[in-house]
Amino acid sequence: MRIISFCADSIVDAAKKGFFDWVTKQDADIICIQNLGIAEYKLRDDVYFPRDYNPYFFDAADGKHNGVAIYCRKLPKAIMTGLGFLDFDMDGLYIQADFDNISIGSLLAPSAEEGDSAGLIRKNQFFEQFGNHLTKVRNKRRDFIICGNWNIAHRGIDIQDIRGNHGKPGSLAEEQQWMDRLFREQQYADAFRLINNDPDEFSWWPDGEPGENGWRVDYQITSEHMTPRVEYGAIYKVQQFGKHAPVIMDYDFELPESPF
């Protein structure tokens with residue numbers, strides 16, 4: 001099973017830069033896209049609806065910001081939109097495809113700018129609730145892969161300019177410790193880091209210039225029983241579709257055929 005995750009920061013701009021031309025040639029079973037920046041009903045071009053995929057969207061209430069999507073080659077049993085978080089579900093941050101024994105989510109975590117105390121509080125509130133959610137679903141008899149832009153760089157090797165970004169949201173000690181607990185106490189795993197510990201693997205360049213001020217904030221996080229199934233991972237940087245790069249992961253796992 002191949003999953004590709006990509007934070008578009010405008011799916012329209014990414015499409016113009018050739019994202020769909022590229023991604024439909026990658027033989028992916030699932031494509032997760034975050035930060036569409038546009039409502040589904042405004043996507044009129046066929047390029048957004050590849051023939052071999054079943055696309056599902058979850059827009060923010062205003063239809064202009066955020067928004068997530070998941071494209072499935074095989075029909076899922078169910079699609080879940082939102083996480084049941086009263087203060088966040090209208091922001092278009094999460095969509096999940098459920099198959100027989102595995103669920104795959106597309107996540108856009110809230111972000112905060114430096115000096116934005118209110119934004120940071122809101123971000124922390126989201127992750128507190130999300131951590132509780134991930135604890136609960138661990139007890140379900142299914143596996144999970146949560147893909148997307150988590151807006152946290154987990155370790156020092158995930159930030160190119162550590163000194164220059166010290167104390168900025170996304171690199172704060174409490175944020176990194178939250179991810180530590182996720183991996184150590186709840187037995188989730190960063191699929192990419194299971195097979196690649198190189199220090200120069202970044203997926204986001206806030207200034208839009210690859211090679212400068214890189215961060216790795218885009219993940220595919222797996223539940224415990226999926227960790228031995230990780231086979232391959234790469235951050236695709238040959239072409240630039242936006243400020244983020246797609247994350248490609250292969251798993252020794254086959255999605256079940258649709259019952260429909």
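Mentor: The discussion that follows takes up the sheet, the salt bridges, the backbone and a surface patch. Please keep in mind that this is a predicted model.

Trainee: Which strands pair with strand 12, and over how many bridges?

Mentor: Strand 12 (residues 247–251) pairs with strand 11 in the antiparallel sense, over five bridges. Within that pairing, Ala234 has Ile248 of strand 12 as its bridge partner. Strand 1 (residues 2–7) also pairs with strand 12 in the antiparallel sense, over four bridges. There, Ser5 stands opposite Val247 of strand 12.

Trainee: Which residues lie on each side of strand 12, and are they buried or exposed?

Mentor: The general idea is that side chains in a regular strand alternate between the two faces of the sheet. In strand 12, Val247, Met249 and Tyr251 lie on one side, Ile248 and Asp250 lie on the other, and all are buried. Five of the five residues of strand 12 are thus buried.

Trainee: Let us turn to charged side chains. How many salt bridges does the count give?

Mentor: Side chains of opposite charge can pair when their charged atoms come close. The count for this model comes to 10 salt bridges. One of them joins Asp27 and Arg73, with the closest N and O atoms 2.9 Å apart. This pair links distant parts of the chain, 46 residues apart: Asp27 is in the loop between helix 2 (19–23) and strand 2 (30–34), and Arg73 is in the loop between strand 4 (68–72) and strand 5 (78–81).

Trainee: Why does Asp27 count as exposed, and why does Arg73 count as partly exposed?

Mentor: Asp27 counts as exposed because its relative accessible area is 52%, and the cut-off for exposed is over 50%. Arg73 has a relative accessibility of 31%, so it counts as partly exposed.

Trainee: Which side chain meets Asp190 in a salt bridge, and are the two partners buried or exposed?

Mentor: Arg216 meets Asp190 in a salt bridge, at 2.5 Å from N to O. The partners are 26 residues apart in the chain, with Arg216 in the loop between helix 5 (191–195) and strand 10 (218–222) and Asp190 in strand 9 (residues 189–190). Both are buried: Arg216 has a relative accessible area of 1%, and Asp190 has a relative accessibility of 6%.

Trainee: Which residues do salt bridges with shared partners join into one network?

Mentor: Glu201 is in the loop between helix 5 and strand 10, whereas Lys237 is in the loop between strand 11 and strand 12, 36 residues apart. Glu201 is buried, with a relative accessible area of 13%, while Lys237 is partly exposed at 39% relative accessibility. As for the network, salt bridges that share partners join Asp158, Asp190, Arg193 and Arg216.

Trainee: What can one read from the backbone, for example from phi of Asp27 and of Asn151?

Mentor: One may look for a positive phi in a residue other than glycine. Phi of Asp27 is near 55°, which is such a value. Phi of Asn151 is likewise positive, near 55°. Asn151 lies in the loop between strand 8 (143–149) and helix 4 (173–184). Its relative accessibility is 12%, so Asn151 counts as buried.

Trainee: Which residues form the nonpolar patch on the surface?

Mentor: Leu194, Ile195 and Tyr232 form this patch, and together they have about 260 Å² of accessible area. With a relative accessible area of 39%, Tyr232 is partly exposed.

Technical notes. Residues numbered from 1 in each chain as written. Predicted model: local features only at pLDDT ≥ 70, side-chain atom pairs only at ≥ 80, totals over all residues. Heavy atoms only, no water. Patch = residues over 30% accessible without salt bridge, like charges linked within 9 Å, V, L, I, M, F, W, Y side chains within 5 Å. Areas by Shrake-Rupley, 256 points an atom, 1.4 Å probe, with all protein chains shown as cover. Salt bridge = Lys/Arg side-chain N within 4 Å of Asp/Glu carboxyl O. Buried < 20%, exposed > 50% of the residue type's maximum accessible area, 1.4 Å probe, protein only. Pairing = 2+ DSSP bridges. Helix = DSSP H or I, 4+ residues; strand = E, 2+ residues; numbered from the N terminus.
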